[in-house]
Protein chains: 2
Amino acid sequence: MAADGNLQALILAGGSGTRFWPVSRRHRPKQLLALDSDQTLLQRTTSRLQPLIPADRVWVCTTRELAPAVREQLPDVPPDQILAEPTGRDTAPAIAWSVRTMGRDGGDPIVAVLPADHRVEDDAAFRAGLASAAAEVDRFDRVMTLGISPHRVETGYGYLEQGEILNDEDGIREVRRFIEKPDRETAVRFVESGDYLWNAGIFVFRSGRLLELVARLQPQMAATLERIETRPEEIEELYGALRRISIDYAVMEQCDDLATLPLDCGWSDLGSWEALAEVVASDGSGNAIRGEVVMEEASGNLLFADDGLIAAVGVSDLVIVRTADVVLVMPKSRAQEVKTVVEALHDRGRDDLL
Amino acid sequence: MAADGNLQALILAGGSGTRFWPVSRRHRPKQLLALDSDQTLLQRTTSRLQPLIPADRVWVCTTRELAPAVREQLPDVPPDQILAEPTGRDTAPAIAWSVRTMGRDGGDPIVAVLPADHRVEDDAAFRAGLASAAAEVDRFDRVMTLGISPHRVETGYGYLEQGEILNDEDGIREVRRFIEKPDRETAVRFVESGDYLWNAGIFVFRSGRLLELVARLQPQMAATLERIETRPEEIEELYGALRRISIDYAVMEQCDDLATLPLDCGWSDLGSWEALAEVVASDGSGNAIRGEVVMEEASGNLLFADDGLIAAVGVSDLVIVRTADVVLVMPKSRAQEVKTVVEALHDRGRDDLL
């Protein structure tokens, strides 16, 4: 494909969160963890791109705090392509700043923006989708997003409404609008209609095109980023003053020729311990197991031993997660409540455990 | 009381077991653990005797493997009164061997034999019972056992059937027979009749009297113990050849003038995690807690953090026990099944965790 040699990846790896506490910590967020395989999600995100995008065309945007761990996990990515934001300002500043840096040598690469913390089962299908999107960008200079074909009703994701067909062969269609997490009834309608995709935060565009959009739609951000380039010694102050805003809000929802290509690749954003339980291989009793476990009449549990051993007798449908300093026990169905535990520990002054 | 100055304690601290795994280990059995308070059960067993039996009249029989830990836990007990069996041979050899040693200087002390791993809430009542029993032994040279007045139907203990009243004031009665763990119907009848006590393994006797009984009822054991005294260099071989037998079988059940005194002192043998849950102070939701815990809508659980933190969300009536290397999770009602986990780990070659 003509575009391939010019296709570069920008992996967004600066995120933080508490949904995989106690395994995830402030200094070791989800993307740096091996949750569903022996590689970390960041490592899988990178290795999944081979051979379409080799490591020397991978860029990573992370935070200064996480940069050492990112470099360690990705020894094949050139260190100067691991960009460290002074402080996180959501995806729009991260992408715009990184894309400016990626085009600094005067090139106009095609950039595929990829979250670092998602799971994909079918790597080949994923790469094929990226390649098709890149070809479309190369030919028509569109901004593309890769949406996920939904196989179930899901109220936890944002959706993309597809419009007119642009390229029948690849299933490329216009994006009519972005829809935030819908209620159940709406989600059912979306999935049944076949006209909606999950918004997975995956975008492909020509670097110059994205920067034009930023300049037009977010002139203040563009001006600040330009100033950072001329006065790199002021980056802390300037970057810190940028408004927190996502690329969806800042650019994509206002881009009138955004197009989408549906991906069917066993995608999951692994949004909770419960979501992880669904994808980790389970034993004959429906127990999803990572690490060393001994069981007696246990079924439907997620048993995750990051450290030491979990012994479970006569329990069902629980999440049990053991680290060197904590054990978390809760029903799978209440996995969303991890954050209340995290808040309680913060209130108790136990940030050392967070 | 006349007998007090001659009253000595013999604490049996050589036992092992798996019911408090993973906190209890081969090298750190139950009696050496602080399960229900900040002191270990052995330390409480010793401190409970003060001032009736001061530390310099306390003897401990344990195994060679455990002796260093026992000495460390009981710095006030003279080190030469901590006796270490070469190998455990159940209570009859342990008691007979220890009692010989205790009387070696020619005295004929009154000895109170006490298991090291039981819980007692009312120390004063316990001491009063011991003092009454010792006085009875001093006056009539009886062999006494202190039975526990049962406040509930219990099929997990042995019972003592009481016979004729011997001393109305203290409630001392003959022991008519020993009954092994009864079925439920029998246990109900026992408790309702008021004629039965739980056998707690607590005995009081004059040292010479016990040794006469051993010589008469267990002549081979007595001969071996005598030989050990004349050839201490052969103790490993001689002691190892002793038959494993409990003091109940070997002596007490055949002793025709055994008498009993009922104790009402909040006694428990702490036979399982579930039993511990019943005696550890609980919060408003019935959670019994030891160590650092954070909870959200959790009720009726035993949360025992020997190391690190336990976070429990939306779970009920579970035992959750965390050590530095293991977490055990099971319903309280299945606490007896710890042993199946221990067996599974043994079969897996993980004796390092046992």
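**Chain A and one of its threonines**

Mentor: This is a predicted model. In chain A, 67% of the contacts with a separation of 6 or more join residues 24 or more positions apart.

Trainee: What makes two residues count as being in contact?

Mentor: Their heavy atoms have to be within 4.5 Å. Take Thr46(A): leaving aside its neighbours within four places in sequence, it is in contact with Ile11(A), Val58(A), Leu74(A) and Val77(A). As for Val77(A), it sits 31 residues from Thr46(A) along the chain, and their C-alpha atoms are separated by 9.0 Å.

Trainee: Where in chain A is Thr46(A) placed?

Mentor: You'll find Thr46(A) in helix H1, which covers residues 41-47.

Trainee: And why is Thr46(A) called buried?

Mentor: Buried means under 20% relative accessible area. Thr46(A) has 6% relative accessibility, so it counts as buried. Across chain A, buried residues make up 57% of the 354 residues.

Trainee: OK, zooming out, how many helices and strands does chain A have?

Mentor: Chain A has 11 helices and 15 strands.

Trainee: How do you know that chain A is as compact as a globular protein of that length?

Mentor: Set the two values side by side. The globule rule gives 20 Å for 354 residues, and the radius of gyration of chain A is 21 Å, which is close, so chain A is as compact as a globular protein of that length. Its C-alpha atoms fill a box of roughly 60 × 50 × 35 Å along the principal axes.

Terms used: Residues numbered from 1 in each chain as written. Chains lettered and ligands numbered in written order. Predicted model: local features only at pLDDT ≥ 70, side-chain atom pairs only at ≥ 80, totals over all residues. Heavy atoms only, no water. Helix = DSSP H or I, 4+ residues; strand = E, 2+ residues; numbered from the N terminus. Rg over C-alpha atoms; globule rule 2.2 N^0.38 Å. Buried < 20%, exposed > 50% of the residue type's maximum accessible area, 1.4 Å probe, protein only.
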